[in-house]
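Here are my notes on the two chains, point by point. Please read them with the model open.

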Amino acid sequence: MLRPRSKLESNRLGVAMIMPALILMLLLLIYPLIQGISYSFTSYRFNRPNATAFIGFSNYVDIITSDHKFYSTLGFTFLNALGAVLISYAAGFAIALLLNKKLHGRGLFRAVILLPWVISSSVTATNWQWMLNDRHGIVNAFLEKIGAVEDPVLFLANPTLAKFTVIIVGAWKCLPFMTVVILAGLQSISPDLYEAASIDGAGFWRSLKNITLPGIRGVTTMCTTLQFIWNFNNFENIYLLTSGGPNESTFTLPIYIYFTAFARNKIAYASAMAVLVMVIMMVFALIRFRLQRNAEE
Amino acid sequence: MKKLFALLLAQVMVLGMASCGEKAGGGTSSTGNAASNVAAGEGPTVTIWECNWGGDAYEGALKKQAQRATDENIDGKGIKVETSMVAWDNYYDTFLTAVVSKTAPDIACEASTGCIQYADMGEALDLMPIYDAWVAEGSPIVDEVGQAAFDFETFNGELIGLPFSKDGTGLFYNKELFEGAGITELPTTWDEFMEVCDKLLAKYPEVVPFAFAGSDFASLTNVNDLFMMSNGASILTKDLEPNLQSDKYTEIMGIIKEMYDKGYIGRAVISYTGDDIKRMMNTGETAVILTNAPTWVAEDMQDKIGVMNPVKGPSVEEPYIASAFQAYHAFNQTENPEETLAVLKWWYENNDILYTEGGNGCIPIRASQQEKVMTSELVREYANVWLNAENSYPNIYPVQSFYPFHTTMDAEGTGAKPLNALLAGDDYQATIDQVCDEISEIIEDAGY
């Protein structure tokens, strides 16, 4: 059966309307992706562009078999992403529960919670550096005032503490997204369920366990997976705060890839690392969604 | 009607994307055949990217200088000069990415090592015509700069950089704190320096005896150079072999470790920026800092801050002082080579404003310019004691001329990694071996 002429025209119009955005997306996303993948099979270096040769999987073999720094950096990258997601989810969930209640000034609180998200990373990094400074940072001043510490805490100068610091700052950055998404999930749960549970004698914790958590399972999977991927791939939050220091203790894969490409000029090797990271993230996302689907079934 | 509107909208969006394809830094290209006697600013555009040699006022000074250059109507070609200031944080990748993507500026002023890397890549514009013009004009610039500096910036017979200043670090101290601690003589050796720190710590437990910037690779490299060369140590030998396992280097690292362990060096220096330590000096929170030329000293602190003389290590009779020639260079990607050379010549001859208003922290290489722009007695004293000293050497010492892979080592602070490890409380000795392997890899990758 032939479709009506107007429907055909409507389809053509739709295609014409999305074409500019599609072209832009192809140029900005697909083209660099394909070029990056193609570089990863060569020996391309910025300072020796004319000596580029096809070397097959050599870069990948070198990374997997002999690049110890890749593995140590991968470890902290996972830890950083996991830590930021867990902390921001727990805090976001608690805040969302509060914001879901009929509080006075709820609208203002909902707006304020977005601040970490809307302020640019360069501004937040500068402010965190100032707040955590050992000499005149407000955090150390407070801790010393309440007698919690005798000497200033070296949040950004001690390699171990710096790791925790960047995870906390990362969690702080993720908090608005988690809160907003979980809040949306909470609001989709029918109040009748809570009423019925209340009539049956269920308290707060039982309602939380049997109604709230199952009710937001879908949004939980979505927001934690997305935030894990974003934190795994995030460059600017840590680079602006510590530049990967002190002594490379807060090096994540994006920072390592950046230095390999632009300081060592090894763009092909860096591209291979980036492709590996992409594959790792795709596998992670697949496993995550598969587990979620199995749990729902 | 709806279809027509949609198509018009699509066209507008496509045209909008097309207009985003202009070269970064602005710049309408010219045919290169612009006639003379063109009105000011109506001719080809020459772009200059310069790193922030001063402070907050530097960008304003650059733009003012660019406007003056445009109004000057250099050679009557109506050249329009545009500038962009590049932050030090990622200067290396900014320039490298631009060069590789063929969007480099016409003229650049960045770290001293930039010239050689891009010359090695075949991207440098030969600046010999400027030198020849000065010789033909009988300009005093040639003698003032000196043949040694021009030779330093020569690669494969081409002049790849115009050295305009000497850059380096020094030690500065708070006179009041020293007086209060009963210190009457300035230290000349690191042992004496530690005795001074001990007295300061005893008198002022809240004051950091000695601080420097350690949060970025560029700053830490400067710190590393000062310490290393004070004991005659170096990152490479004359034959371009890694030299961090030498006795002199091990010795000076031991001295730094001792200072760090005794609390003479601020425990958080690895997180301090250059601005942090200068603020600490201006507010009396630290007694001695290691940093560049004292153009940052506040007005009310000019009499309270002194220039310390270079301190030597145990293995030398006199300390070697690290310095670097900073130079302008140009790229042969330029669409207007003649205009680029003309602008660069003018810019070089007339850049006083970058010191007087921009606060350029380098010391002019020409004595006549030093007279004009160095109005602070403190800055003059620093120049005389540190940069103009007989034992001041380029920081690639003992290598005589630039090698291309120095830029790579500079960009990631390779030579400063052991110091980085020490200040982070990690095993710096293990890092020394690792860094020597890295340096060997860099040298091999560079084809040396």
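**Notes on the predicted model**

1. Lys372(B) is exposed, at 54% relative accessibility. The cut-offs are these: buried is under 20% relative accessible area, exposed is over 50%, and partly exposed lies in between (1.4 Å probe, protein chains only). Areas come from the Shrake-Rupley method, and for residues only the protein chains shown count as cover. The side chain of Lys372(B) meets that of Asp352(B) in a salt bridge, 3.0 Å from N to O. A salt bridge here is a side-chain nitrogen of Lys or Arg within 4 Å of a carboxyl oxygen of Asp or Glu. The pair links distant parts of the chain, 20 residues apart: Lys372(B) sits in helix H15 (residues 367-373) of chain B, and Asp352(B) in the loop between helix H13 (337-349) and helix H14 (353-356) of chain B. Helices (H or I, at least four residues) and strands (E, at least two) are DSSP runs, numbered from the N terminus.

2. Ground rules. This is a predicted model, where local features need pLDDT of at least 70 and side-chain atom pairs count only at pLDDT 80 or more, while totals for chains, interfaces and linings use all residues; side-chain values use heavy atoms, with hydrogens and water left out. Residues are numbered from 1 along each chain as its sequence is written, and chains are lettered from A and ligands numbered from 1 in the order in which they are written.

3. How many salt bridges are there over all chains? The count comes to 23. One of them pairs the side chains of Arg48(A) and Asp120(B), at 3.0 Å from N to O. This pair joins two chains, because Arg48(A) lies in the loop between helix H1 (5-39) and helix H2 (58-66) of chain A, and Asp120(B) in helix H4 (residues 114-120) of chain B. Arg48(A) is partly exposed, at 24% relative accessibility. Asp120(B) is partly exposed as well, at 25%.

4. Glu123(B) is in the loop between H4 and helix H5 (128-137) of chain B and Lys102(B) in the loop between H3 and S3, so the pair ties together parts 21 residues apart in sequence. Glu123(B) is buried, with a relative accessible area of 9%, whereas Lys102(B) is exposed, at 55%. Now the backbone: Lys102(B) has a positive phi of about 60° although it is not a glycine. Its loop runs between helix H3 (91-100) and strand S3 (107-109) of chain B.

5. Glu248(A) also has a positive phi of about 60° without being a glycine. It is found in the loop between H12 and H13 of chain A. Glu248(A) belongs to a network of salt bridges, whose other members include Lys69(A), Arg264(A), Lys417(B) and Glu441(B).

6. Where are the cis peptide bonds to inspect? One joins Gly245(A) and Pro246(A), with omega about -5°. Pro246(A) is in the loop between helix H12 (236-242) and helix H13 (253-262) of chain A. Another runs from Tyr397(B) to Pro398(B), with omega near 5°. Pro398(B) is in the loop between strand S12 (392-394) and helix H17 (406-411) of chain B.

7. The structure holds zero disulfides over all chains. The cut-off is a pair of cysteine sulfur atoms within 2.5 Å. Cys51(B) is in no disulfide; its nearest cysteine sulfur, that of Cys109(B), is 7.3 Å away. Cys51(B) is buried, with a relative accessible area of 0%. Cys109(B) is likewise buried, at 0%.

8. Glu185(B), Asp191(B), Glu192(B), Glu195(B) and Asp198(B) form a patch of negative charge on the surface. Patches take residues with over 30% relative accessible area and no salt bridge; like charges are joined within 9 Å, and nonpolar side chains (Val, Leu, Ile, Met, Phe, Trp, Tyr) within 5 Å. Lys and Arg count as positive, Asp and Glu as negative; His and the chain ends are not counted. Each charge is placed at NZ of Lys, CZ of Arg, CG of Asp or CD of Glu. Asp191(B) is in helix H9 (residues 190-203) of chain B.

Terms used. Areas by Shrake-Rupley, 256 points an atom, 1.4 Å probe, with all protein chains shown as cover.
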